[in-house]
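I opened the model to look up a helix pair, a pocket and a peptide bond. My notes are below.

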Amino acid sequence: FPLFASAAARFGRRVAFIGANVNDTTANARAFLTVHPVSYPSYQGSTSSLSWLAQIEGMPTTIFVTRSGKVDDVHTGQYETEATLVDDIERYAG
């Protein structure tokens, strides 16, 4: 989670980040975000509510969407390093 907070700060307005909380209650998600704030919005949802966008095979999932709204890539699983996250952002944010 800290990798995304750092990347969002680093890429600023070049890349839009949106969080989707699908595993916790709204109250638990708000409590988590109070302790671990991020600069991007986070919404309550479900994997089924995201199914129109991409197939969700596990959590966490990162979906890279082009400016035209096309899904460019889906990364399932946690990013282990900031470098691998940044590499994907730079690859898909073009």
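**Ground rules.** I worked from a predicted model, where local features need pLDDT of at least 70, side-chain atom pairs count only at pLDDT 80 or more, and totals for chains, interfaces and linings use all residues. Residues are numbered from 1 along each chain as its sequence is written, and side-chain values use heavy atoms, with hydrogens and water left out.

**Helix pair.** I looked up α1 (residues 2-11) and α3 (residues 82-93); their axes come within 10 Å and cross at roughly 45°. Axes here are lines fitted to C-alpha atoms over the stretch in contact, with angles from 0 to 180 degrees between N-to-C directions. Helices are DSSP runs of H or I of at least four residues, and strands are E runs of at least two, numbered from the N terminus.

I then listed the contact (heavy atoms within 4.5 Å). From α1 come Leu3, Phe4, Ser6, Ala7, Arg10 and Phe11. From α3 come Glu82, Leu85, Val86, Ile89 and Glu90. I count them by class as 7 nonpolar, 1 polar and 3 charged. (Ala, Val, Leu, Ile, Met, Phe, Trp, Tyr, Cys and Pro are nonpolar; Asp, Glu, Lys and Arg are charged; the others, Gly among them, are polar.)

**Pocket.** What lines the largest pocket? I find 43 residues, with Ile18, Gly19, Ala20, Thr61 and Thr62 nearest its centre. (A pocket is an open set of points on a 1 Å grid where a 1.4 Å probe fits, with protein on both sides within 12 Å along at least five of seven lines; lining residues have an atom within 4 Å of a point.) β3 gives the largest share, 5 residues. The lining has 28 nonpolar, 12 polar and 3 charged residues.

**Peptide bond.** Met59 and Pro60 are joined by a cis peptide bond, with omega about 0°. I place Pro60 in the loop between β2 and β3.
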